Amino acid sequence: MAAKKLRRAKLSEELCERLSRHQITTCQDFLCLSLLELMKVTGQSYYDVQKLLCQVSRACAPKMQTAYEMKLRKAGNPSSAFLSTTLHGLDKVLHGGVSCGSLTEITGPPGCGKTQLCIMLSVLATLPVSMGGLDGAVIYIDTESAFSAERLIEIASNRFPAYFDSDEKLFCMTSNIHLYQELTCSSVLKRIMSLEEEIISKKVKLVIIDSVASVVRKEFDTKLQGNLAERSNFLARGASVLKYLAEEFSIPV
């Protein structure tokens, strides 16, 4: 994935620092430069820059795997294949819950409870594995200013009163949910592109965007010439990065 940070491409710390001074921080930034430009910013020879290009290209290229290997990967740890919604009927329809390692789209008319479900999933992801959770943090990208911390605590206290029986546990849960309010398509895409290192550093186990449709509706009138192509490009770029993150870290998105 071209959005991968150069630090994860196993370049030296010194070289990464030097490149960052030129605003070159991702594999995409690096690979978009010519050999001469790279020689200038890295201070290395033509031969060494070619080796760096190969190294960065391999780091961001999708790894080949067989269908059998994919099957073994999921079968090897079935407990982490899904995040249960704790709603029996919904889990049955989803064959176990929200799938880890893939994208899940929740659709429905306004007011049907999509945001409430997202908030509940946020609580569930922070729970210990022994309780069906993922024992990790959550990144919640809110594009409609619809997220409610009060509702989050209310859901946690009512659904799991025996576990969230103290202010300390509620504080720990809320501290593990990282909220970002992004109100434009460009800011949403920028946030998505920067998630990789945050997922690693904060041990994120669930990413939620509530919602993509909201910012798309506000910014793209498909009746205007060119808007349909721009909208499709935005959705394709965002979905590509999110799919990579879900598969790379085996988390539900």
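Student: What should I know about the model before we start?

Tutor: It's predicted, so local features need pLDDT of at least 70 and side-chain atom pairs count only at pLDDT 80 or more, while totals for chains, interfaces and linings use all residues. Residues are numbered from 1 along each chain as its sequence is written, and side-chain values use heavy atoms, with hydrogens and water left out.

Student: How is a pair of aromatic rings described?

Tutor: By the distance of the centres and the angle of the planes. Rings of Phe, Tyr and Trp (its six-membered ring) pair if their centres lie within 6.5 Å; planes under 30 degrees apart are stacked, over 60 edge-to-face, the rest tilted. This structure has three such pairs. One of them, Phe220 with Phe234, is tilted, at 6.5 Å centre to centre and 35° between the planes.

Student: How are two packed helices described?

Tutor: By the angle between their axes and the distance between the axes. Helices here are DSSP runs (H or I, at least four residues), numbered from the N terminus. Axes are lines fitted to C-alpha atoms over the stretch in contact, with angles from 0 to 180 degrees between N-to-C directions. The axes of α10 (residues 185–193) and α13 come within 10 Å and cross at roughly 25°. So α10 is roughly parallel to α13 (under 35 degrees; over 145 is roughly antiparallel, 65 to 115 roughly perpendicular, the rest oblique).

Notes. Helix = DSSP H or I, 4+ residues; strand = E, 2+ residues; numbered from the N terminus.
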